[in-house]
Amino acid sequence: MKDKLLGYMGKVLKIDLTNRTSEDFPWTDKDRERTLGGKVMAADILLSHVRPGMKAYDEDNWIVVTTGPLTGVGCPNTSRFNISTISPLTGIITSSNCGGDFGLSLKRSGYDAVIFTGRASLPVTVNIINGNVTFDDASALWGLTTGETQNKLPAYHGKLVIGPAGENKVRYACVFSNERTAGRGGVGAVFGDKKLKAVTAFGVKIPEVVDRESLRKLNEKWTHTLQNHPLTGRQLPKLGTAGLVSPMQAHKILATKNFSAGRFKDFEKISGEELAENHMVSNAACTTCVIRCARTVCVDGKHVKGPELETLGLLGANILNNDIEQIIKWNYELDELGMDTISAAGVIAFAMELKEKGLWDCGLEFGKTDNISGIFHDIAMRKGDGDILAEGTRIMSEKFGGKEFAIHAKGMELAAYEPRHAVGQGLGYATSNRGGCHLNAGYMVVVEGLGLDVDSLTPHGKAALTIAFQNLMEAVSACGSCLFSSYAVLPGFLIDKPNWFLTRAILACFPYVGPVVNLLSHFTKVAAINLPLVPHSYALKYATGIKSTVARMLTWGAFGYNTERIANIVLGQKANADKLPKRLTNEPQDLSDPRTKVPLEVMKKVYNRARGWKDGIPTYHRLKTLGVRISKELYDSVVKEAYCNGKSDC
């Protein structure tokens with residue numbers, strides 16, 4: 001029987017791949033209201049399951065695919081879904097968000113989430129059709145690319161598929177839904193380990209909502225806001241995320257030559273302007289999206305998804321390549337093979353510097369591009385040196401050296417933003433639960449040059465703002481919303497009128513708002529309001545009936561962030577694991593300006609105190625205050641181990 005809370009389908013599915021069985025997973029309205037949905041829900045489920053010593057390729061590692069309460073209720077930009085599991089790249093929890101149509105289809109089939117357990121003995125496709133689960137032999141699909149696989153599946157079904165990289169357990173393999181990617185942390189490799197080649201979903205059920213008319217009116221206003229905001233209404237539709245290449249160059253945050261610099265002399269050749277003017281066929285969108293930031297390009301006569309900012313920057317400036325046509329081609333090849341373009345590019349850049357420093361030579365060198373397509377294929381097939389490159393930057397640095405310029409955090413390669421001229425982004429990279437991710441980091445770079453122009457070198461206020469942004473984005477993601485929908489939180493005049501006295505005054509005050517932000521985070525009644533710039537809280541009320549405010553959104557985010565963090569501690573993350581490579585913390589980007597390095601330890605002290613953490617570990621009191629479910633016995637055990645660092649007498 002369906003629970004009373006609307007907006008949700010009221011059911012969670014658990015599938016045992018070993019025995020090919022399925023059952024309902026117990027999940028109540030109280031659980032829904034406590035976790036909201038998406039990655040926060042997944043973190044709570046995984047915390048209840050993970051144990052010390054559990055690894056990504058253990059048979060009892062779970063894959064948790066979740067939607068949000070706004071998925072499928074008609075709100076703009078709410079087709080997102082999340083995949084969480086233990087990452088083979090980092091060894092801790094990864095959460096990977098995707099804009100394909102699988103989330104909508106899963107919800108229409110009658111489920112808010114699906115959990116995959118066990119391991120199939122042979123390649124399998126799982127079908128979730130109007131509440132019924134069937135299993136098909138996927139042996140004929142094994143070895144096919146992501147595009148070929150999806151073409152073999154019913155056109156009207158939502159799909160999740162992996163390519164050869166996932167099958168061969170490349171540690172940064174992806175899962176695809178249409179052309180959209182659950183890209184980071186190697187979720188595709190966990191699918192491959194479980195022999196789960198594909199999942200399809202189809203249904204005709206529509207989630208009920210509490211107040212359809214109020215929701216309709218809100219959606220009209222929300223759409224109008226997004227389409228008229230300078231970021232979501234102009235920059236992203238016109239240039240996509242690729243439009244950030246030029247401002248990143250201007251602000252010295254375009255990762256260049258394996259993050260040894262922040263500017264690239266040929267940036268214009270790989271810019272969003274170049275992509276739009278000479279290579280783009282049209283812009284495109286995820287289902288329900290009103291921003292339309294995706295690019296469509298032509299590769300070998302086919303219209304396919306074009307490269308995002310991360311791909312342009314990391315396969316351009318970061319390997320000293322100025323050929324955008326090659327990047328477009330590589331982007332398509334990586335998608336078909338089923339690999340994360342960010343990590344793949346980071347691995348390539350690291351290998352190039354290893355050769356330059358005389359530490360390892362696999363034929364990759366800066367500025368040389370003729371062999372890269374072949375290298376990508378070798379990685380996906382784990383052939384020759386590709387088998388080593390498939391392990392990721394951290395493992396390569398442990399094998400060959402070069403840890404000081406191995407650009408990763410917790411084992412995950414960094415996105416394209418060079419943080420020595422955006423130090424708040426550097427703090428976010430280090431404290432991100434899933435590793436070197438720009439979004440889980442809180443995306444502070446949007447106020448350090450890419451939207452606003454707050455002092456990018458000062459550490460003042462950056463800890464508090466990072467926490468607030470991390471919590472807000474965690475909650476927005478849990479709703480089932482695209483994180484770009486949170487861009488409109490920034491008033492448009494701050495971007496359109498950078499020289500206006502009010503804009504200058506607000507930006508000058510930003511580094512000093514830390515105490516105010518911390519007050520709002522800890523005394524949530526002060527912020528127990530709704531704001532038009534955060535329409536998600538209104539939408540939750542009209543869709544589900546849950547009383548939501550800006551403060552509650554931040555509290556959901558804090559709950560999710562702390563839940564994921566303590567799950568990582570259970571899995572073996574050590575105290576003081578929030579680190580960056582020495583290149584970014586010890587070496588100034590500009591030799592004439594000693595401030596151009598990330599003052600990580602200074603910011604971390606403030607960050608940990610404001611989070612209620614010690615050495616990167618939430619205190620038990622903080623967890624209990626937020627309602628995170630972990631026993632004192634388990635907490636004490638894993639925290640003790642986190643400080644041991646392998647000492648036998650600890």
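Predicted model: local features only at pLDDT ≥ 70, side-chain atom pairs only at ≥ 80, totals over all residues.
Which residue just after α16 takes a positive phi? That would be G401, with a phi of about 95°.

Helix α16 runs over residues 393-400, and T393, M396, S397 and F400 are its buried residues. They cover an arc of only 100° around the axis, which puts them on the same side of α16. Turn to the other side of the helix and you find E398 and K399, both exposed.

Now for the charged side chains. The structure holds 40 salt bridges, and a few of them are worth a stop.

Take D31 and R629, whose side chains meet at 3.8 Å, N to O. Is each end buried or partly exposed? D31 counts as buried because its relative accessibility is 10%, whereas R629, at 46%, counts as partly exposed.

K39 and E474 form another salt bridge, at 2.7 Å from N to O. K39 belongs to helix α2 (residues 38-47) and E474 to helix α18 (residues 462-479), so this pair ties together parts that are 435 residues apart in sequence. Here K39 and E474 are both buried.

Then there's R184 with D340, a salt bridge at 3.0 Å, N to O. Loops hold both partners: R184 is in the one between β11 (180-182) and α6 (187-193), and D340 is in the one between α12 (324-337) and α13, 156 residues apart. Going back to D31 and R629, salt bridges that share partners join them with R34 and D44 into one network.

Last, have a look at the surface. W500, F501 and L502 form a nonpolar patch there, with about 300 Å² of accessible area together. W500 lies in the loop between α19 (493-496) and α20 (501-509). Its relative accessibility is 33%, which is why W500 counts as partly exposed.

Notes
Residues numbered from 1 in each chain as written. Heavy atoms only, no water. Buried < 20%, exposed > 50% of the residue type's maximum accessible area, 1.4 Å probe, protein only. Helix = DSSP H or I, 4+ residues; strand = E, 2+ residues; numbered from the N terminus. Arc of directions from axis to C-beta. Patch = residues over 30% accessible without salt bridge, like charges linked within 9 Å, V, L, I, M, F, W, Y side chains within 5 Å. Areas by Shrake-Rupley, 256 points an atom, 1.4 Å probe, with all protein chains shown as cover. Salt bridge = Lys/Arg side-chain N within 4 Å of Asp/Glu carboxyl O.
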